[in-house]
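Welcome, and thanks for taking a look at this one with us. Please open the structure alongside the text and follow the residues as they come up.

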Amino acid sequence: MKNNKSLQYFLIWGVICLLANLFCTNAAAFGGDQNYWVDWVKQLSKNGLERFNGNYPPLYVFWLWIVAQVHSLANIPIEKGTLIKFFCLWPVYFGHVGLVDLASRLVARFKLPKYSAHLVLAFVALNPALLLDGPIWGQVDLFPCIFGIAALYCVNFRGLFKYASMFFALALLAKFQMILLLPIFGGIFLRRYKQSWRGLPLMAVAIVLVLLPFFVAGNLSGLLTHAYLNTTEQYPFSTYNAANTWMFFVGNTSRDANPLFGLSPEGVGFLLSPSWLGKILFVIISAYILKCALFAKTLRRTFELATWEAFAFFLVLPGMHERYLIYAVPFACVWMVLETKKAWIWTLLVTAICAMNISMVNGFKGADLWVPVSGLALLIFIAGVVNNFAPRAFPALIEKLARIPFPRFTPYVVLALFLFPMLISEIVGLMPVNVELSSNQFYLTDLPIDHFTQQYGRPRVNRAVDGATLTVRGQQYKNGIGTHANSELFFKMPADADSLEFVVGIDDEAGGGGSVRFIVATPEETLWKGDVVFGNRKPQAGKVYIGGKQTIILKADADGDNAYDHADWLNVIVTKRK
């Protein structure tokens, strides 16, 4: 019965969790971090592991290597966009669903009341901090936390001791910040040393398997230097957008070597700098946590200590980023499941602070969200109407679904069934549209622009006006002209030119904004005038007869103001008379 209840919970909230993650992936990512993913995937695609110099630990680098191979096999460009974000986040999707899986097992084991169980699982599945950091921002901080959770869970059970050290090592190989768990894991490990040491051989095997490809590639020392040694001094600031102790006392991006209260760094004054004082405070807190862990005898106490250690990591250490409180959130979620009455308020507060801090830098926004959000609003309203007229419809449906003997791995299968078609769709969209030209056809871009007028920037051949790959609603184009309304592009046509065909649209680099009317004209008359084209909408195709016309003008007229009017003339083909 317990396993059946656990499965029911997981089937509901596991699927909701994965849908929420996929939905939020359409939000605008943090551009600076997306540049890192693009650069690293390009490195791995071109040079493999041999000359990789990214500052990420090896376990996630393997996934980036897979992403690079997919791009190479599909022959698609590696650049900022939905595909690179979506593909890089696969470990986060599975990690979040796995967290819901664990929570479902625990609420069933501890027999939480049905109402409380659903509230707790809803909070884990739809946790705003996890969604903001992962699918919205595009970060993978949840990935190492899953290994950390596994390590803390295993070290508490005699039958799982042998796996605990391996999971802790994998957490460190996924993100160095998981060293924050050392006081808790180390304390319990030492208390149970007679059994826990037996997991060390398995840990050694895991470390060797992860590091071996870098050793073979001759880049092991470079990887360890970039991913572990260099990152400790990467940001010499007291805080880097992190709403912690140093933001409160000295402000954002102040130098961490400057002592507090205007003291001189000479003598012992340097000890009162955020750099030294923060580390001293963290060591003191960690020592206390270690002492508590030595006497921690329950799973709930273990995750309580992990929550506060991760909170202290963010709060007192210098050089913290705005999102580094995220490491406390997964541990707090598990603590809340285990000890709801005590932990729910702390989990809520930690989540709220983390979510607010992330939102101040990269909130929930993006043009691709308008249609899904409006569709969701419509769906909720229809569901409310159905519930009003047939209040037993949804409970009856849930009861029927609960009787179906779904296997436990169903949410993971559903996740895979969503991911692979979405991946294929993204890859197809990024394969540039190819047009087979006949012997009497050529691209207009083969001719020089005779002269032009343009209110913003300059026209770009085969690129959007701001330099991105020509892309309209996710579909890339190799050939075309990126311009900006209002603009007029003048071309001298050959005497045997007969017709002009083209596709027009607002480039995706405009972020979904913009509205433009495209016009083909001569100095004497208008030959073709399209409907107003809007951002994030299908491109519009056109064809016009140009026989005997010496000069052709491609016009992009702003529909009102010209904000975000990144106008693309795509696959503009001139057909000559035979």
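This report covers nonpolar cores, helix packing and a few backbone details in a predicted model.

## Nonpolar cores

Let's begin on the inside. The largest nonpolar core has 130 residues, and Trp37, Tyr60, Phe303, Tyr327 and Phe331 are the ones that touch the most other members.

A separate core lies apart from the largest one; it has 28 residues, including Ile481, Phe491, Phe502 and Trp569.

## Helix H8 against helix H17

Helix H8, residues 142-154, and helix H17, residues 328-338, have axes 9 Å apart and pack at an angle of about 40°. The crossing of H8 past H17 is right-handed.

On the H8 side, Leu142, Cys145, Gly148, Ile149 and Leu152 make the contact, while H17 contributes Pro330, Phe331 and Val334. By type, the residues of this contact are 7 nonpolar, 1 polar and no charged.

## Helix H15 against helix H16

What is the angle at which H15 and H16 cross? Helix H15 (residues 274-294) and helix H16 (residues 299-316) cross at roughly 175°, and their axes come within 10 Å. The two helices, H15 and H16, are therefore roughly antiparallel to each other.

From H15, the contact takes in Gly278, Leu281, Phe282, Ile285, Ser286, Ile289, Cys292 and Ala293; these meet Arg301, Leu305, Glu309, Ala312, Phe313 and Val316 of H16. Here the residues divide into 10 nonpolar, 2 polar and 2 charged.

## Backbone details

Most residues other than glycine have a negative phi, and most peptide bonds are trans.

A cis peptide bond, with omega of about -5°, joins alanine 485 and asparagine 486. Asparagine 486 sits in the loop between strand E8 (480-484) and strand E9 (487-492).

Asparagine 75 has a positive phi, near 55°, and lies in the loop between helix H3 (58-74) and helix H4 (82-88). With a relative accessible area of 64%, asparagine 75 is exposed. Lysine 111 also has a positive phi, of about 55°, and its place is in the loop between helix H5 (90-109) and helix H6 (114-125). Lysine 111 counts as exposed, at 69% relative accessibility.

Conventions
Residues are numbered from 1 along each chain as its sequence is written. This is a predicted model: local features need pLDDT of at least 70, side-chain atom pairs count only at pLDDT 80 or more; totals for chains, interfaces and linings use all residues. Side-chain values use heavy atoms; hydrogens and water are left out. A nonpolar core is a set of buried Ala, Val, Leu, Ile, Met, Phe, Trp, Tyr and Cys residues joined through side-chain atoms within 4.5 Å. Buried means under 20% relative accessible area, exposed over 50%, partly exposed in between (1.4 Å probe, protein chains only). Axes are lines fitted to C-alpha atoms, for helices over the stretch in contact, and angles run from 0 to 180 degrees between N-to-C directions. Helices (H or I, at least four residues) and strands (E, at least two) are DSSP runs, numbered from the N terminus. A crossing is left-handed if the near helix is turned anticlockwise from the far one by less than a right angle, and right-handed if clockwise. Contact means heavy atoms within 4.5 Å. Ala, Val, Leu, Ile, Met, Phe, Trp, Tyr, Cys and Pro count as nonpolar, Asp, Glu, Lys and Arg as charged, and the others, Gly among them, as polar. Angles under 35 degrees count as roughly parallel, over 145 as roughly antiparallel, 65 to 115 as roughly perpendicular and the rest as oblique.
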